[in-house]
Amino acid sequence: MTSEEDLKALRDDRGNKDASITRKQGMGTAEPVRAGGHSHPAPGGPFLIGENMTGGYGKGANILNGCTIAVERGQIAVIVGPNGAGKSTAMKATFGMLNLRGGAVRLDGEDITELAPQARVAKGMAFVPQTNNVFTSMTVEENLEMGAFLRRDDFSGTMEQVFDLFPILRTKRRQPAGELSGGQRQQVAVGRALMTQPKVLLLDEPTAGVSPIVMDELFDRIIEVARAGITILMVEQNARQALEIADIGYVLVQGANAHTGTGRELLTDPVVRRTFLGG
Ligand SMILES: Nc1ncnc2c1ncn2[C@@H]1O[C@H](COP(=O)(O)OP(=O)(O)OP(=O)(O)O)[C@@H](O)[C@H]1O
Ligand SMILES: [Mg+2]
């Protein structure tokens, strides 16, 4: 197919995005399992688990104190909790940016605790950090190309899929990311992560600093990514809205699990409501 035909095919395909961003072979073990709203646990346990994670920065005190975060294949897990609770630290630990003093991280049954972040990317993990998650002086397109730096194959099709998911980025592809609105930058950051065709996407506060309308829109796109079979683990300060779309939710307090349940369970738990959701 010519690229023009590719584009047309992709446009015609709108509304049926199953597996559009997942790998067709090789890494593409994640199934589009959310059609019925539920997924099945992998035989060997959760798809991704940071189990009993304990550790801190450098020689400093422990920030994580036996924290466990897990997400099943194709599902959306959400971490909420007060500022400074260790949510970002838990994400960094899962991605290999923190040396754990205790606990383990397993992906699809494989112990990856000792792997560096780039090795985890090669295993199918992608991470969008809370801050400084785009290269502001580079164009949108260059940012997306940076996301594909580990790939040796033709990634133009994936870039078109990202533009399909976030059409505004196609329009602004030649603009420096620094000129974009906050919500558009977050789309660049998520798009860049998707360029690796990840099996699991880690998002640290993807809706930080955006308006409620943009937040809803971003959540819709995240659901779309999950429906394409990509497992999602995200931290959110918009706890109520995030738990609405969560298959499983974790409330972290002082680096430990305070409450765990389905999004619905946490939303209806009187203690969680009173303490973390403002009543
Ligand atoms: N790079 C770092 N070096 C040393 N301490 C750090 C570092 N990053 C975070 N901390 C400390 O770790 C603790 C947890 O921080 P973390 O960023 O994980 O919290 P958080 O739950 O993500 O908070 P927020 O809601 O504000 O994003 C805080 O006490 C913080 O000061
Ligand atoms: Mg944080």
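The shell around ligand 1 has three nonpolar, eight polar and one charged residues, where Ala, Val, Leu, Ile, Met, Phe, Trp, Tyr, Cys and Pro count as nonpolar, Asp, Glu, Lys and Arg as charged, and the others, Gly among them, as polar. This is a predicted model, in which local features need pLDDT of at least 70 and side-chain atom pairs count only at pLDDT 80 or more, while totals for chains, interfaces and linings use all residues. Residues are numbered from 1 along each chain as its sequence is written, and chains are lettered from A and ligands numbered from 1 in the order in which they are written.

**Ligand shell**
- The residues around ligand 1, each with a C-beta atom, placed from the backbone, within 6 Å of it, are Tyr57, Gly60, Ile63, Gly81, Asn83, Gly84, Ala85, Gly86, Lys87, Ser88, Thr89 and Gln130.

**Whole protein**
- The protein has 11 helices and 10 strands, taken as DSSP runs numbered from the N terminus (helices H or I of at least four residues, strands E of at least two).
- Of the 279 residues, 43% are buried, a residue being buried if 20 or more other C-beta atoms, placed from the backbone, lie within 10 Å of its own, exposed if 12 or fewer, and partly exposed in between.
- Among contacts with a separation of 6 or more, 71% join residues 24 or more positions apart, a contact requiring C-beta atoms, placed from the backbone, within 7 Å.

- Strand β1 (residues 48–55) runs antiparallel to β4 and is joined to it by five bridges, with Leu48 bridging to Leu107 in β4.
- Two bridges link β4 (residues 102–107) to β5 in the antiparallel sense, and Leu107 has Glu110 as its bridge partner in β5.
- β4 and β5 form a hairpin with two residues between them, and Asp108 in the turn has a positive phi of about 50°.

**Helix pair α4 and α7**
- The axes of α4 (residues 140–147) and α7 (residues 182–194) come within 7 Å and cross at roughly 35°, the axes being lines fitted to C-alpha atoms over the stretch in contact, with angles running from 0 to 180 degrees between N-to-C directions.
- The crossing of α4 past α7 is right-handed, that is, the near helix is turned clockwise from the far one by less than a right angle.
- Val140, Asn143, Leu144, Met146 and Gly147 in α4 meet Val188, Gly191, Arg192 and Ala193 in α7, and the residues of this contact divide into five nonpolar, three polar and one charged.

How values were computed
Contact = placed C-beta atoms within 7 Å. Pairing = 2+ DSSP bridges.
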